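Biologist: I am new to this structure and would be grateful for a guided discussion. May we go through it by question and answer?

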Amino acid sequence: MSLQSIIFEKSDRTNVLVQVLDQLLLPYTSKYVPIYTIDDGYTVIKNMQVRGAPAIAMVGALSVLLETQLLTNKNFTATQFFYDVSSWAPIRTRLTERLEFLLSSRPTAVNLSNALKDISSILHNCEDLTSFNSEVFDYTCKLLDEDSTNNKKMGDNGAEYLLKSLEMENFAEDFAVLTICNTGSLATAGYGTALGVIRSLWKDSVAKTDLSQSPKKIKSGKPRLAHVYPLETRPYNQGSRLTAYELVHDEIPCTLITDSSIAYRIKTSDVPIKAAFVGADRIVRNGDTANKIGTYQLSILCKQFGIKFFVVAPKTTIDSVTETGDGIIVEERKPEEFKLVTGTLIDNNGGIMRPAMNENNEPINAQVGIAPPNAQVWNPSFDVTPHEFIDGIVTEEGVFVKNSQGNFDLQALF
Ligand SMILES: CSC[C@H]1O[C@H](OP(=O)(O)O)[C@H](O)[C@@H]1O
């Protein structure tokens, strides 16, 4: 069981190695695939073997580092004709084209375009390949280190804000939270964004719980996270395959629910649901937020039931150019991703769910059809939640809330 989405071996800065966890095979198979070129980076992002806005940006940046590392290897350059390595100018021209190609892998998530803009300015300020390769190495190390550090800051910021607001409304009991898609270690360099807040809430809850008591009692009359309801998040099932996997791994009490059961779960939950924490692929200037399909309707249900709705994202997810959600390009995925369910073949012997194994004793990945082959489908990967439905935007810089006119001021993040 591994929650490390990216393995970056960087002890030798001129000979780094990168592997990514193939998330299409989770939760039954943990398999790492190597990345050597921008094509490899594009492929694993486009196929969603790697997904999650921050992770996409990091793998994109690492694939540029690996390609320029190859270009410093004369044995490689002697075997290719794509790059004219006779001087820096033609290499720089080609690399500019390659960055544009890489950007097209996942158009909605802004982290990738922010990272590639940074790399593009490095490219146009460097005088040769060696210095470009060295500066991209420093940039990618910073990107990964900062992501992991910021996630813990964001997690604590969001947890502290929710607990304080619950105390202010004199709520001092166990509570539950909702979350959609996967925003944990598998979507980032570690800890997660929205799932990072849930990890911080759980740390607080454990600290408050007197484990010597049975049933476990709260040490003090304070609100305490007791349960998490991850949504399965059709059609890619990030919630059932990835978030449930992370919560089970961390032994955080959770119950997986279908996307269609949210309202009934809120109404019937024996532990009051007090908040929803979701990630973001792009937050624009007025706070409208693109996130996994299903987020918008979750926000409407939260408003209906008086549940706080928080978007959790680092500054790298902010789009400081686009004014409103109307300006966000929403990626549509292939119809097959909707009409087929991809998973692991299960040998349901005696009611125990075990993966069926192939001749190499490996789990068997399979696809099953769940719709007529010629049926029309609409398969947007994201939707856009209007800022009116968002109670707070949790970042590493703090929690941003709306003013009395109902507007966010995110200037500090631009
Ligand atoms: C912290 S990940 C943010 C965002 O990325 C996910 O999209 P996908 O799984 O398609 O890459 C999802 O929208 C998350 O909320």
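Predicted model: local features only at pLDDT ≥ 70, side-chain atom pairs only at ≥ 80, totals over all residues.

Biologist: Which residue does a cis peptide bond join to Pro-235?

Modeller: Pro-235 is found in the loop between strand 7 (224–230) and helix 8 (238–249). The cis bond there has an omega of about 0°, and the residue it joins to Pro-235 is Arg-234.

Biologist: What is the phi of Cys-181?

Modeller: Cys-181 belongs to the loop between strand 4 (174–179) and helix 7 (194–208). Although Cys-181 is not a glycine, its phi is positive, at about 65°.

Biologist: How far apart do the C-alpha centres of domain 1 and domain 2 lie?

Modeller: The domain assignment divides the chain into domain 1 (6–146) and domain 2 (154–413). The distance between their C-alpha centres is 29 Å.

Biologist: What area do domain 1 and domain 2 bury between them?

Modeller: The size of an interface is often expressed as the accessible area that is lost when the parts come together. In terms of contacts, 28 residues of domain 1 meet 35 residues of domain 2. Carbon and sulfur atoms carry 52% of the buried area, and the total is about 2,600 Å².

Biologist: Which elements give two or more residues to the side of domain 1 that touches domain 2?

Modeller: Between the two domains there are 19 residue pairs in polar contact, both residues being at pLDDT 80 or more. The residues on the domain 1 side comprise 15 nonpolar, ten polar and three charged. The elements that give two or more residues to this side are helix 2 (53–71) and helix 5 (110–125).

Biologist: Which residue forms a salt bridge with Glu-331?

Modeller: By the rule applied here, the count of salt bridges comes to 20, and the count between domain 1 and domain 2 is one. In the bridge formed by Glu-331, the closest N and O atoms are 2.7 Å apart, and the partner is Arg-106.

Biologist: How many residues apart in sequence are the parts that this pair ties together?

Modeller: Glu-331 lies in the loop between strand 11 (308–312) and helix 11 (336–339), whereas Arg-106 lies in the loop between helix 4 (88–103) and helix 5.

Biologist: Which residue has a polar side-chain atom 2.6 Å from an oxygen atom of the ligand?

Modeller: There are 18 residues around the ligand, and those that come nearest are Gly-52, Arg-106, Asp-281, Asn-291 and Lys-292. Gly-52 places a polar backbone atom 2.7 Å from a ligand oxygen, while Arg-106 has a polar side-chain atom 2.8 Å from an oxygen atom of the ligand. The residue with a polar side-chain atom at 2.6 Å is Asp-281.

Terms used:
Residues numbered from 1 in each chain as written. Heavy atoms only, no water. Domains from an automatic or database assignment. Contact = heavy atoms within 4.5 Å. Buried area = accessible area lost by both parts, 1.4 Å probe. Salt bridge = Lys/Arg side-chain N within 4 Å of Asp/Glu carboxyl O. Polar contact = N/O pair within 3.5 Å; in protein donor to acceptor, adjacent residues only side chain to side chain. Helix = DSSP H or I, 4+ residues; strand = E, 2+ residues; numbered from the N terminus. Nonpolar A, V, L, I, M, F, W, Y, C, P; charged D, E, K, R; others polar. Near = heavy atom within 4 Å.
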